Structures are given as structure tokens and as C-alpha cells.
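Open the model in your viewer and keep the selection panel at hand. This tour goes stop by stop, with something to select at each one.

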Amino acid sequence: MRVIADLHVHTRFAMACSSAINAQTMHETAKQKGLNVIGTGDVLHPLWINELKENLESEGNGLYRLAKTNEDVHFIPSAEVSTIYEGRDHSIKKVHNCILLPSIESAEALSKALEKYGSMDSDGRPQLRISCSEFVDIVMSTDKRAFVFPAHLWTPYFGALGAMSGFDSIKEAYEDRAKDIHAYESGLSSDPKMNWRISELDKYTLISNSDMHSLANMGRESNVFDVEKLSYDSIIKSIVEKDPKVFKQTVEYYPEEGKYHYDGHRECHYSVNPEETKSSVCKVCGKRLVIGVLHRIDELADREVGYTPKNHIPYIHAVPLIEVISYAKKKTRYTSSVKDLYSKLIERFGDELDILTNASIRDIEEVAGADIAECIDNVRNDKIIIKPGYSGVYGELDLLSRTKDDTPKPIRQKGMSDFFGD
């Protein structure tokens with residue numbers, strides 16, 4: 001059975017996330033995106049737990065579906081947890097961790113076990129005064145089938161190996177519980193070829209998820225499996241064993257589009273390619289730059305650019321369909337004409353992933369016009385230009401090699417969403 005899974009998402013109970021996210025809208029969006037397995041997100045939040053109990057039914061295999069439906073969208077209990085603690089070097093460590101669980105009952109028990117370390121109902125992504133190793137210990141003590149992995153590994157602020165973490169390996173971050181870590185999430189600002197430069201990561205499986213804060217971003221990264229029988233355990237086994245015959249590929253955001261790819265200082269509209277210079281200060285104001293993912297990976301790399309491991313999991317790049325339409329039409333993704341064309345394409349082809357990866361370019365042109373068809377063809381063949389993201393600013397896509405205006409654009413005031421995820 002072909003499984004396309006996005007295992008790290010959020011709900012309206014998490015800080016800076018859309019109020020439109022609920023079980024019904026997640027189910028509907030997953031169908032549009034071409035996903036058949038999605039995380040519940042925020043499953044440690046008491047109110048969300050109650051809502052999931054009311055709206056989902058167990059399939060008896062560690063997965064859930066929307067009650068009173070027989071459609072093939074399966075939920076897997078999931079959450080992200082922020083661990084904040086004083087490290088052995090007496091610096092404050094802030095690391096985001098993801099968990100998958102085989103039942104909502106396990107999630108409820110874990111939520112209660114973690115109450116002593118922080119509030120479980122103030123944020124869907126709870127902030128706990130506990131170390132990474134202590135967190136894993138409690139999770140595995142609650143349910144031995146639980147699965148923990150570092151979230152967006154390279155994000156400067158909260159990634160286990162980000163520039164501000166103070167850790168240079170997963171072993172350092174998770175200490176004696178590193179033995180229970182079998183995978184890591186690469187985040188939007190890196191892709192597999194970047195991570196392959198670090199031999200220490202070979203023992204872990206790279207997985208890719210959306211970390212969505214709004215429904216439109218569901219599935220912007222995902223994992224493709226081919227399992228004999230779908231279950232929670234078969235998904236975990238597929239990740240741990242990382243057999244390319246079963247774990248078929250990951251679908252990746254272009255890392256340059258991620259908002260921490262380059263080094264930079266957003267207030268001065270200043271960014272720098274760390275391959276050209278390793279300067280750590282803004283040339284405009286002299287303040288320290290936010291050190292991006294490309295720079296950080298280069299610091300830890302022990303292999304040359306372009307190295308490909310044996311038996312690696314393949315990957316493809318994709319650009320969310322709503323972004324393609326918005327770019328081609330020169331309108332924001334929120335305008336009715338962009339939304340209407342998106343719906344028209346979904347109605348014609350079935351789901352977004354099929355449009356982006358498999359549908360005939362000629363057929364797409366008949367429905368959406370030459371520009372959108374060319375954009376999708378260019379993405380499939382990596383014939384696009386991207387002005388890389390930096391310091392919380394997403395990269396800018398140029399899918400048709402248009403003449404770009406490099407005049408700095410107004411930067412909005414920082415919001416809380418700039419500091420969470422990637």
C-alpha cells in the first residue's frame with residue numbers, strides 16, 4: 001500500500017496557528033493534498049485530546065479516522081514539545097522534539113506525566129523545563145512504542161543542531177537516551193543532499209514534514225512509503241529500517257525557500273551566502289547575524305558537496321500548488337481567483353501531489369493555462385531561481401525566470417510564528 005505521510009503538523013491550539021484547523025478541515029485538506037496519513041498535531045493538549053476523542057474513531061491499528069467515514073485519511077497521534085533547560089555548560093538549551101504515539105490514550109497519559117514540567121493547556125506545543133534525555137525517558141516509560149525525533153534539526157533557534165543549540169551531534173543533545181532516537185526531521189531550510197555531507201547522521205533516518213501552521217501548508221514536505229499493511233507499527237518500522245524498497249522517497253521544499261537557509265539580519269534586509277563569506281555580523285548595522293542552516297551544516301560537514309550515500313532514500317523537490325498559482329497569476333494566495341483555480345485543478349486531477357508530480361503538462365495547460373503548466377514543468381526539472389531565505393524571511397521563488405526587482409521590500413513586524421518551526 002502506498003502511504004504519503006505528513007507526520008508533523010499543528011492545530012489551532014498551538015501558538016501562531018490558524019483558527020481554521022480542526023479534525024474535519026484536516027481530513028478534507030489531506031485529501032486535496034494527496035496525503036493518506038497525517039499527524040493529529042498537538043495531541044498533548046487536553047482540549048484537543050477531548051476533541052479528537054469526539055471526532056475520531058480508532059482503526060485498531062494505532063491509527064484513527066474521522067468518525068462515520070470510510071475514506072482513506074488516517075490520523076496518527078503526534079505532537080511537538082519544546083524542552084528548555086540549563087545544559088552542562090550552564091547555558092540555556094532550547095530544543096524542539098516531535099513524538100508519535102500509538103493511541104490517544106497514551107497521549108493522555110503522557111500529557112498527565114508531563115504536567116509537573118510545564119503547562120499542557122497553554123500551548124499545543126508545550127514548553128517544558130526538562131532536558132531532551134529526561135523527556136525521552138518519560139515518553140518511553142509511558143509507552144514503549146512511542147517514537148521521538150528531533151524537530152527541524154537545523155533551525156537556528158530551536159533545532160537540536162541549530163546554530164544556537166550548543167550541540168554538535170544528536171548524541172550530545174539526547175545523551176544517554178540517544179539510543180532511542182532513530183530519525184530526525186530535516187526542516188524546510190535543508191534537503192537530503194545537504195544532510196548527506198555529515199557522516200554522523202548516516203545512522204539516523206531523514207524524514208520530512210510540513211510543520212504546518214495553516215491548512216494551506218499541509219504536505220509541503222512529506223514521506224512516501226510502500227507497506228504491506230498500513231498500521232502505526234508499519235510506519236515506524238519503515239522509518240527505522242530505512243529500506244529504499246519500502247521508504248520510497250521524501251518530498252522536499254526547496255531548501256533555499258526556507259526562512260533560515262542563508263545567514264542574515266532581517267531588520268536591515270541583509271543576507272549573505274556563507275559559501276562566499278563566513279562573516280557573522282551585519283555589514284549594515286554591525287549586529288550579529290542569524291546563522292543559517294547552510295552555514296551550520298558546512299561547519300559540521302566531513303564530506304564534500306555532492307556526496308551521495310549508498311542505499312539512500314531518494315527525494316524530489318516540490319512547490320505547493322497554491323504558491324505556483326499565486327506566482328503565475330501575480331496575485332496573493334488568498335485572492336478568490338487563485339483559490340478558484342486551485343479548486344478547479346483539484347477537481348480535474350484529484351489531488352495536489354499528483355498535479356505537481358505526475359499529471360500531464362499538456363493536460364494542466366488545458367485547465368490552468370500555459371504559465372502554470374510551465375511553472376510546474378520547471379519545478380519538476382529544477383529549472384527555477386530562488387532568492388534564498390534568511391533570518392525568518394522566506395525565500396522568493398522565480399519559476400519563469402522573470403526579471404526580478406531587487407529593491408528591498410518592507411519587512412513586517414516580527415510575529416510569534418517567526419520563532420517556531422522552519
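Helices here are DSSP runs of H or I with at least four residues, strands are runs of E with at least two, and both are numbered from the N terminus. The model is predicted, so local features need pLDDT of at least 70 and side-chain atom pairs count only at pLDDT 80 or more, while totals for chains, interfaces and linings use all residues. Residues are numbered from 1 along each chain as its sequence is written, and side-chain values use heavy atoms, with hydrogens and water left out.

**Stop 1: a pair within helix α8**

Select Arg-296 and Glu-299. They sit 3 residues apart in helix α8, so about one helical turn separates them. The two form a salt bridge, with the closest N and O atoms 3.0 Å apart. The term means a side-chain nitrogen of Lys or Arg within 4 Å of a carboxyl oxygen of Asp or Glu. Side chains of opposite charge can pair when their charged atoms come close.

Now colour by accessibility. Buried means under 20% relative accessible area, exposed means over 50%, and partly exposed lies in between, using a 1.4 Å probe and protein chains only. Is Arg-296 buried or exposed? Arg-296 counts as buried, at 6% relative accessibility. Glu-299 has 46%, so it counts as partly exposed.

Next, select Asp-137, Arg-177, Lys-179 and Asp-180. Salt bridges with shared partners join these four into one network.

**Stop 2**

How many salt bridges does a search of the whole structure find? The search finds 20. Two further examples follow.

Select Lys-278 and Asp-298. Their closest N and O atoms are 3.0 Å apart in a salt bridge. Lys-278 lies in the loop between β15 (270-272) and α8 (293-300), and Asp-298 in helix α8, so this pair ties together parts that are 20 residues apart in sequence. Lys-278 is partly exposed at 40% relative accessibility. Asp-298 is also partly exposed, with a relative accessible area of 31%.

Move to Lys-203 and Glu-200. This salt bridge has its closest N and O atoms 2.8 Å apart. Lys-203 counts as exposed, at 51% relative accessibility. Glu-200, at 34%, counts as partly exposed.

**Stop 3**

Two packed helices are described by the angle between their axes and the distance between the axes. Axes are lines fitted to C-alpha atoms, for helices over the stretch in contact, and angles run from 0 to 180 degrees between N-to-C directions.

Select residues 321-329 for helix α9 and residues 336-349 for helix α10. Their axes come within 10 Å and cross at roughly 130°. That makes α9 oblique to α10. Angles under 35 degrees count as roughly parallel, over 145 as roughly antiparallel, 65 to 115 as roughly perpendicular, and the rest as oblique.

The crossing of α9 and α10 is right-handed. A crossing is right-handed if the near helix is turned clockwise from the far one by less than a right angle, and left-handed if anticlockwise.

Show side chains. Which residues meet here? From α9 come Leu-321, Ile-322, Ile-325, Ser-326 and Lys-329; from α10 come Val-338, Leu-341, Tyr-342, Leu-345 and Ile-346. Contact means heavy atoms within 4.5 Å. By class, the contact of α9 with α10 has 8 nonpolar, 1 polar and 1 charged residues. Ala, Val, Leu, Ile, Met, Phe, Trp, Tyr, Cys and Pro count as nonpolar, Asp, Glu, Lys and Arg as charged, and the others, Gly among them, as polar.

**Stop 4: α2 against α3**

Select residues 46-55 for helix α2 and residues 104-114 for helix α3. They pack at an angle of about 165°, with axes 11 Å apart. That makes α2 roughly antiparallel to α3. Their crossing is left-handed. Ile-49, Leu-52 and Lys-53 of α2 make the contact with Ile-104, Ala-107, Glu-108 and Ser-111 of α3. The residues of this contact divide into 4 nonpolar, 1 polar and 2 charged.

**Stop 5: positive phi**

Select Asp-42, in the loop between β2 (37-39) and α2. Its phi is near 50°, a positive value in a residue other than glycine. Asp-42 is buried, with a relative accessible area of 0%.

Then select Lys-68, in the loop between β4 (64-66) and β5 (74-76). Phi of Lys-68 is near 65°, also positive in a residue other than glycine. Lys-68 counts as exposed, at 84% relative accessibility.
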